[in-house]
Amino acid sequence: MSKLEEPVDSMDPSECLTTGHSYMTTHDKNAPVILISGANRGIGAAIVRELKGAGYRLSLGARSVEKLEEAYGSSDDMTLYARFDAYESKTAEDWVAATVERFGRIDGLVNNAGNGEHVHLMDDNEDALDRLWEVNVKAPLRLIRLCMPHLEETGRGRVINIVSLSGKRVRNAFVGYNMTKYAMMGLHHTTRFVGWDKGVRATAICPSFVRTEMSAYTKKVTPDEMIQPETLAGLVRTAIELPNTAAMAEMLVNCRLEDTL
């Protein structure tokens, strides 16, 4: 009998991360633990629904715990809510510590929180530029540093970075956003390199326009033509569950025809 043919309850709880086998029940107290930043709305909320439905234990970070409770109800033995503010480094430390205290492990990190402020090339707005760097680059770096020892312990840790096609090419004048997303790709590939020998696999998901508030400004495509958050959530789960021997370094997701990247 092959590994994938074994009865579900005979598998080690973390083996879904290397086999893609959807073995977990709704309240499996040994299920892998995934941290998700910016978890209360948009892409983050779709990722929560996807992974919650698949039986993962979730540690959700947002600036308002009350917003998480409004979105998902009271926390339970499968979920933890924490205040995470990208501008306050201590909240990242407290969140990761609380996760380890509650669950005893961390199997994956989804860096989803982002800032989409529009800072043009000739704008003299240092404050907005600083906010973009803080949220899009420094905050994910902090979380990766804090989670990495725990991810390495599992031998199959996962870091999923929700980036943007703006980190792969430039098609607008939003220099602040473009610069920080290119920097996040540098962070991503450094993470991939550093974690590889310890079994940590990092995947950057780089979408074009997604049907969320961040893309509401554009007239280039209609909301129905945009990538749906639920589609990206499915890709996040795929990246988490791929085996160590089939890691995806980048997933580039288009909703319109673009030049080869």
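The crossing of H4 past H5 is right-handed, meaning that the near helix is turned clockwise from the far one by less than a right angle.

On the H4 side, the contact (heavy atoms within 4.5 Å) involves Ser 89, Ala 92, Glu 93, Trp 95, Val 96 and Val 100. H5 contributes Arg 142, Leu 143, Leu 146, Cys 147 and His 150. By class, seven of these residues are nonpolar, two polar and two charged.

A word on the source. This is a predicted model, where local features need pLDDT of at least 70 and side-chain atom pairs 80 or more, while totals for chains, interfaces and linings use all residues. Numbering starts from 1 along each chain as its sequence is written, and side-chain values use heavy atoms, without hydrogens and water.

Now the whole chain. The protein has seven helices and seven strands, taken as DSSP runs of H or I with at least four residues and of E with at least two. From the N terminus, the order is α-β-α-β-α-β-α-β-α-β-α-β-α-β.

Of 261 residues, 50% are buried, that is, under 20% relative accessible area with a 1.4 Å probe. Among contacts with a separation of 6 or more, 65% join residues 24 or more positions apart.

Conventions. Ala, Val, Leu, Ile, Met, Phe, Trp, Tyr, Cys and Pro count as nonpolar, Asp, Glu, Lys and Arg as charged, and the others, Gly among them, as polar.
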